[in-house]
Amino acid sequence: LCDVREAAPAGPSAAEAATMPQVEAMPYAFPYDGDLDPSKTAVILIDMQIDFCGHGGYVDQMGYDVNATRKPILPLQRILKAARRTGCRIIHTREGHRPSLADLPHNKRWRSAQICGGSGGIGTPGPCGRVLVRGEPGWDIIPELLPLPHEDIIDKCGKGSFHATDLEMLLRTTGTTTLLLGGITTDVCVHTTMREGNDRGFECCLITDGTGATDEGNHQAAHKMVTMQHGVFGCIASSEAILKVLDGLPTNPMKLRPAWPQRPFRPLVLAPQGNLLTNTIAEAKPFPYSFLPTSVALLMIDWQNDFLDPRGFGASLGNDVSTLRRGVDNAKRLLELFRSKNLTIAHTLEAHARDLSDVHPAKKRRCPKIGEKGDLGRVLIRGEAGNAIIDELKPLASEIIINKPGKGAFYATDLETQLRSAGCTHLIMTGVTTEVCVQSTAREANDRGFEVLVVSDATESYIPAFKQATLEMIVSQGGIVGWTAATDAVVKALA
């Protein structure tokens, strides 16, 4: 695919490009390498659909105020105008399912029905047609932000825009490295997409007033999470700050010519469990969590010395590691219980190759200590003392061990293959930190059709408020990501 641009006026010269201003963002100026090059930048507008921000749409039917999801429209209109003028790539996403609903995981369909009173939800008729079904009026993008003929549209069946789509191929093929993210909702589809993009090495910036959510608390918490650890997922900036840079760049628009036709993708759909779900965690939020014991796995996320030892990486960043250790005893209880019943157990470690070949430059730039010598060896490097799982939770040789280069445990690993091979459809998660690696993994699992439960007192964060916000995000909108429950409730259900 070739970008076709107007012959005049020309883009910035090499001298101009070298001095392009950065966007005033938090916690660092964007992009990190100091070069906001429109030819390498994509504005991704996520799910600005009638079903999410139109009267009579899905969000309206769920009882939320659509004014909250319509807030980003004006800032995004201004961003679109400037980005189109300077030649940034514009990509729109739509969450929706085939008319057959063959790409709708059973758990997502069930949760959707619950939030709509038990009889509505995805696939059912509404004022704007069948909810979130491709081709229906409610599925389309709102008139205020309609794509131009040459702009790509990503149709996705999950929350993340990279899952089961060709978005990554499109970005790689066009040489795009920098992403400006807007749309709805901040805490669900925008955040999941940002996390996926970050794990793939894209430099991401979330547009604060170009995003919106059904819950203002979740909206603000989602913004703040991005800024922690010197930008664990990238950075955030206002539309005004972004426009200040874009408005100073030369005019260089793309011609209105269609891109190549996109091919459909049919993801794996789990078979329904029916009446085989014999165990139930009645106390789970937002409603009881049922599972077949032989199809459940325990995921132990990143219980590493680097994060929990006072001499480790986490402590070197100024964090109080004692807050993470509060979850160890409960994680140990669950680990011993799953072992006693010979159930599937998987441990993950955020771990990189010794030559750092799997560390994206953006991640290394934001976290320069990776690979450097510390009190427990080289930071986040496989085989070092700091990268080992703490003694209390050490894996057995028979248990799955996943070394992951990103925050999410499904990115660039064979975790999904191993879980499916073991017949697992339900995942019970413990680990650290709640808002980063645990939440990223839960979101990835949810988009892949797994039934996810995060054990609320067996996961911890350096920042308690982030843990609480994450647990609330997971169960919001009728369990949009999954369930939460305390250790005692899980033990009771498996006893």
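Predicted model: local features only at pLDDT ≥ 70, side-chain atom pairs only at ≥ 80, totals over all residues.
Guide: Residues are numbered from 1 along each chain as its sequence is written, and side-chain values use heavy atoms, with hydrogens and water left out.

Visitor: Why is Thr344 called buried?

Guide: Buried means under 20% relative accessible area, exposed over 50%, and partly exposed in between, with a 1.4 Å probe and protein chains only. Thr344 has 19%, so Thr344 is buried.

Visitor: What does Thr344 touch?

Guide: With contact meaning heavy atoms within 4.5 Å, Thr344 touches Val296, Ala297, Leu298, Phe338, Ile400, Ala422 and Cys424, not counting residues up to four places away in sequence.

Visitor: What makes a space a cavity?

Guide: On a 1 Å grid over the protein atoms alone, a cavity is a set of points where a 1.4 Å probe fits but cannot get out; lining residues have an atom within 4 Å of a point. Grid points are joined across faces, edges and corners, and a volume is the space filled by probe spheres set on the points. By this rule there are three cavities of 30 Å³ or more. The largest cavity has a volume of about 240 Å³. Of the 22 residues that line the largest cavity, Tyr58, Met62, Lys159, Gln477 and Ile480 are the closest to its centre.

Visitor: Which residues line the second largest cavity?

Guide: Its lining is Pro105, Asn107, Lys108, Arg111, Cys157, Gly158, Lys159, His163, Asn446 and Asp447. The volume of the second largest cavity is about 70 Å³.

Note on methods
1 Å grid on protein atoms, 1.4 Å probe; cavity = no way out; pocket = protein on both sides within 12 Å on 5 of 7 lines; lining within 4 Å.
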